[in-house]
Amino acid sequence: MSRDPLLQPFQLRHLTLRNRIMITSHEPAYAEDGMPKERYRAYHVERARAGVAMTMTAGSASVARDSPPAFNNILVWKDEVVGWMRQLVDECHDHGAAVMIQLTHLGRRTRWDTGDWLPVLAPSHEREAAHRAFPKRIEDWDIARVISDFTDAAERMKAAGVDGIELEAYGHLLEQFWSPLTNDLEAPYGGSLDNRLRFAMQVLGSIRDRCGPDFIVGLRYTGDQDLPGGMGKAEGQEVSRKLRDSGLVDFLNVVRGHIDTDAGLTDLIPIQGMRNAPHLDFAGEIRAATGMPTFHAAKIPDLATARHAIASGRLDMVGMTRAHMADPHLVRKLVEGHEDDIRPCVGANYCLDRIYQGGMALCLHNPATGRELTMPHVVAPAPSPRRVTVVGAGPGGLEAARVAAARGHQVTVFEAASEPGGQIRLTAQDERRREMISIIRWRYDQCIKAGVGFRFNTYAETDTVLESDPDIVVIATGGLPHTEVLAQGNDLACSAWDILSGDVKPGREVLVFDDAGDHAGLMAADLISASGARVEIVTPDRSFAPEVMAMNLVPYMRAMQGRDTTFTVTWRLVGLAREANRILATLSSDYGPVTRERLVDQVVINHGTRPLDELYFDLKPLSRNLGEVDYEALVAGQAQGLAANPQGRFQLFRIGDAVSARNTHAAIYDALRLMKDL
């Protein structure tokens with residue numbers, strides 16, 4: 001048996017977990033009609049097959065009609081969920097993994113104008129900032145009904161064969177009773193700590209009565225809201241001891257913080273640029289104080305940190321949830337001695353930010369996650385090897401080369417720069433986003449191991465490509481900033497890339513016109529404001545940086561709100577003119593015929609990129625498919641067979657920003673779904 005602390009089994013009552021690595025409850029928003037159908041099941045089964053000890057489904061499956069999904073949650077108040085969960089559980093069990101599910105009533109952490117349009121519930125009328133709904137103050141008949149709802153849901157999950165359940169407290173209805181900030185009820189459910197805990201204890205007691213003493217039940221909760229007026233550390237320790245002494249819970253899944261605002265959520269679930277495992281010591285204190293089996297997850301992205309969490313005795317089970325989104329085969333690679341091949345989580349948080357905007361969770365640099373039914377995590381060998389030439393060594397080009405080489409093709413990559421990376425190398429110059437470079441390093445290392453040939457400092461032209469005698473050519477040359485967006489004065493502006501690369505130094509009074517709404521605009525504004533400049537960020541959108549999304553926005557706001565920075569929405573930069581040694585900027589509005597002016601000494605434009613596609617169009621007439629992509633075949637997972645020019649020497653494709661300005665995930669997904677079938 002391995003001596004690695006992570007590979008030791010753990011006994012949770014009657015349940016033997018094969019190692020110490022788990023996926024904590026989370027909601028990837030893959031449900032269909034509120035049910036965990038094929039996509040949902042395939043996602044969890046992939047990780048079970050690869051060796052994880054336990055996967056927890058459903059970040060807060062809803063137990064009641066008046067807890068409508070905030071992000072496509074599973075509806076465990078419906079009887080039909082039993083069959084779907086049974087299929088998921090059975091298949092994960094077949095691969096040796098335990099399965100649990102998290103149950104909740106969201107309380108005020110949802111909206112009334114969705115689902116059945118029922119009022120949201122809470123033990124006060126205080127609104128949660130994140131979801132904005134003013135709740136109904138809960139009544140006695142609501143309490144009785146919700147206790148019954150929790151119990152019925154637990155019984156359904158027992159019938160589905162799950163190994164246990166976890167009740168979600170933090171931020172949700174259970175904790176809304178616990179916290180003085182959200183509970184202004186009178187006794188018996190308000191006032192003293194015992195009164196505030198009464199509802200949760202009744203829920204747990206009812207579940208025990210219905211499901212029996214041997215059914216595993218745990219709780220995920222915060223032991224410290226870290227919020228003025230809220231439940232602090234001392235009271236959280238007391239709650240932990242009371243949970244232990246109740247005999248109603250089998251494990252504690254501990255977090256620290258609050259999730260009622262974007263900033264609070266980001267501190268509780270840290271993103272890139274924030275400290276790894278910031279709450280691990282706190283979770284260890286709860287374990288030491290209670291002696292209870294203790295689980296925890298919060299930016300534990302690598303095996304070294306996870307190993308420390310177990311070896312030091314801070315945790316019994318370590319959650320590596322986002323790490324398993326990046327690489328579902330993490331445990332298999334650990335067991336096989338291939339830790340260096342693990343695709344690293346870079347903390348980009350594309351997964352969580354997407355679900356909070358109503359989308360499905362997708363990993364920024366693993367496009368197979370959530371697409372297990374159509375995209376492979378391990379590609380199959382090609383029927384016969386071919387010669388593949390890739391132009392461009394950014395994330396899309398490297399992915400194309402990696403996948404082609406993994407399929408057995410002979411691959412050559414041309415790159416104009418002296419090293420791989422493309423736009424990500426520019427991004428990673430920002431200390432807060434330096435983890436992004438791992439997207440490049442991992443792919444480059446995989447390519448080198450697979451024998452990919454790289455020719456750096458090579459500006460590929462038609463002759464360069466033809467000399468490689470390719471069967472397939474992939475153009476992944478990316479794009480260049482587009483700043484020609486004004487009626488006049490385009491020559492007076494620079495691009496966000498100019499600032500980020502250091503080619504242009506920050507001015508003293510700067511207007512940043514952000515019409516793309518992505519990281520580049522905010523990164524430039526952040527860098528400029530850090531120099532001591534006065535910065536105004538102007539956008540024609542009704543909110544700024546919509547492509548950055550909620551949790552990624554938090555570090556930018558924390559930095560820039562402490563400086564001389566102004567955010568102006570719904571205004572569009574239309575023209576620039578020289579006025580003495582300064583620049584007069586004219587703004588207009590899409591909402592009416594009005595204008596404003598700003599006098600500054602620098603204007604920075606972020607308007608996305610335009611494809612760097614000259615080589616593609618030079619090669620197009622020489623190609624067999626004339627650059628055409630069979631979209632039906634692409635989506636169906638079939639090889640590209642178009643041959644409008646049968647005499648052509650090669651198939652030609654372009655991906656990523658060489659097609660149009662999108663994002664890193666799109667470039668990598670382009671590459672994977674094209675190359676896996678060529």
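User: Which residue forms a salt bridge with Asp 245?

Analyst: Arg 244 does. This is a predicted model. In it, the closest N and O atoms of Asp 245 and Arg 244 are 2.9 Å apart.

User: Is Asp 245 buried or exposed?

Analyst: Asp 245 is exposed, because its relative accessible area is 57% and the cut-off for exposed is over 50%. Arg 244 counts as partly exposed, at 29% relative accessibility.

User: How many salt bridges does the structure hold?

Analyst: It holds 50. In general terms, side chains of opposite charge can pair when their charged atoms come close.

User: What about Asp 113, which side chain does it meet in a salt bridge?

Analyst: The side chain of Arg 111, at 2.9 Å from N to O. Asp 113 is partly exposed, at 28% relative accessibility. Arg 111 is also partly exposed, with a relative accessible area of 30%.

User: Next pair. What are the distance and the partner for Asp 250 in its salt bridge?

Analyst: Arg 208 is the partner, and the closest N and O atoms are 2.7 Å apart.

User: Where do Asp 250 and Arg 208 lie?

Analyst: Asp 250 is in the loop between helix H6 (233-246) and strand E10 (251-255). Arg 208 is in helix H5 (residues 193-211).

User: Switching to the surface. Which residues form a negative patch?

Analyst: Glu 461, Asp 463, Glu 467, Glu 614 and Asp 618. Helix H16 (462-467) and helix H20 (614-619) each give two or more residues to that patch.

User: Where is Glu 614 found?

Analyst: Glu 614 is in helix H20. Its relative accessible area is 46%, so Glu 614 is partly exposed. That clears the patch cut-off of over 30%.

User: Last one, Thr 568. Which strand is it found in?

Analyst: Strand E21, residues 565-569.

User: Why does Thr 568 count as buried?

Analyst: Because its relative accessible area is 11%, and buried means under 20%.

User: Which side chain does the Thr 568 side chain make a polar contact with?

Analyst: The side chain of Glu 536, at 2.6 Å.

Terms used. Residues are numbered from 1 along each chain as its sequence is written. This is a predicted model: local features need pLDDT of at least 70, side-chain atom pairs count only at pLDDT 80 or more; totals for chains, interfaces and linings use all residues. Side-chain values use heavy atoms; hydrogens and water are left out. Patches are made of residues with over 30% relative accessible area and no salt bridge: like charges are joined within 9 Å, nonpolar side chains (Val, Leu, Ile, Met, Phe, Trp, Tyr) within 5 Å. Accessible areas come from the Shrake-Rupley method with a 1.4 Å probe; for residues, only the protein chains shown count as cover. A salt bridge is a side-chain nitrogen of Lys or Arg within 4 Å of a carboxyl oxygen of Asp or Glu. Lys and Arg count as positive and Asp and Glu as negative; His and the chain ends are not counted. The place of a charge is taken as NZ of Lys, CZ of Arg, CG of Asp or CD of Glu. Helices (H or I, at least four residues) and strands (E, at least two) are DSSP runs, numbered from the N terminus. Buried means under 20% relative accessible area, exposed over 50%, partly exposed in between (1.4 Å probe, protein chains only). A polar contact is a pair of N or O atoms within 3.5 Å; within protein, one must be able to donate a hydrogen and the other to accept it, and residues adjacent in sequence count only if both atoms are side-chain atoms.
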